[in-house]
Amino acid sequence: IKLCTGKIAGLEALLRWNHPKLGMLPPSLFVPLAEMNGTINGIGEWVLQTAARQNKSWQNQGFPAVRMAVNLSAVQLNNPNFVDRVESIVKESNLAPRYLELEITESIATKEASHIISALNQLKEFGISISIDDFGTEYSSLSRLKALPIDRIKIDMQFIQGIEGCEKDQAITKVIIALAKGLGLEVVAEGVETAPQLEFLNQKMCDEVQGYYYYKPMPAEEIENLFRLQMSDKG
């Protein structure tokens with residue numbers, strides 16, 4: 001949600017495995033295995049295809065044009081064909097590249113090899129947005145951060161959810177917002193669940209928020225209903 005308008009500015013594609021016996025499994029249970037056995041490349045490609053096609057489908061239906069964020073694995077970025085495949089997927093979907101955002105973790109951003117930075121630069125030049133997810137949870141190299149072709153920083157929810165009772169979390173959040181602004185980046189707060197958290201972030205000029213205060217994860221059909229409500233709201 002963009003704080004200055006209160007409107008939906010973007011969506012994040014969340015991967016879940018609906019197992020026939022175990023039920024809904026989070027990615028923490030199967031993505032590490034997929035990274036080890038190499039299937040993450042196929043899974044990741046399917047996620048990108050699905051996200052791009054869905055976003056373009058919404059645009060074709062007349063819904064607001066927003067970003068669709070997809071999380072990346074370091075294994076995907078190490079694939080020499082990754083950039084070409086992403087560009088092909090975007091072209092096949094007819095989605096304008098600016099409406100796809102790729103999220104990398106802070107550890108990838110600060111520790112990985114120069115070829116990953118090269119891949120991110122190519123994707124950025126193609127028009128895709130790049131963001132750093134869960135910012136603040138790793139030891140960041142500010143010199144590396146300066147060199148990365150990123151558009152926005154997403155503050156990890158552990159700091160946001162500590163805002164109400166911890167001055168240190170308030171201070172860290174304030175510093176991250178100031179850092180992002182100083183680097184010319186947008187900043188998104190993750191895990192916003194209460195009105196006081198939202199008010200603090202509004203006061204500190206955070207650009208966007210996501211979290212249960214507004215919406216919980218939901219299937220595409222329910223998101224379409226949200227778009228309809230937003231479009232009908234003249235206030």
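How many positive and how many negative side chains does the protein have? I found 23 positive and 29 negative side chains, with the centres of the two sets 4 Å apart. Lys and Arg count as positive and Asp and Glu as negative, while His and the chain ends are not counted. I took the place of a charge as NZ of Lys, CZ of Arg, CG of Asp or CD of Glu.

I note that this is a predicted model, in which local features need pLDDT of at least 70 and side-chain atom pairs count only at pLDDT 80 or more, whereas totals for chains, interfaces and linings use all residues. Residues are numbered from 1 along each chain as its sequence is written, and side-chain values use heavy atoms, without hydrogens and water.

I next looked up the secondary structure. The protein has 11 helices and 9 strands (DSSP runs numbered from the N terminus: H or I of at least four residues for helices, E of at least two for strands).

I then turned to the sheet. Seven strands form an open sheet with parallel pairing, in the order β1-β4-β5-β6-β7-β8-β9. Its edge strands, β1 (10-13) and β9 (208-209), each pair on one side only. Two strands pair if DSSP finds at least two bridges between them. Strands β5 (residues 100-105) and β6 (residues 129-135) are joined in the parallel sense over 5 bridges. I located Ile132 in β6 as the bridge partner of Ile104.

Last, I checked burial. Of the 235 residues, 43% count as buried (under 20% relative accessible area, with a 1.4 Å probe and protein chains only).

How values were computed: Buried < 20%, exposed > 50% of the residue type's maximum accessible area, 1.4 Å probe, protein only.
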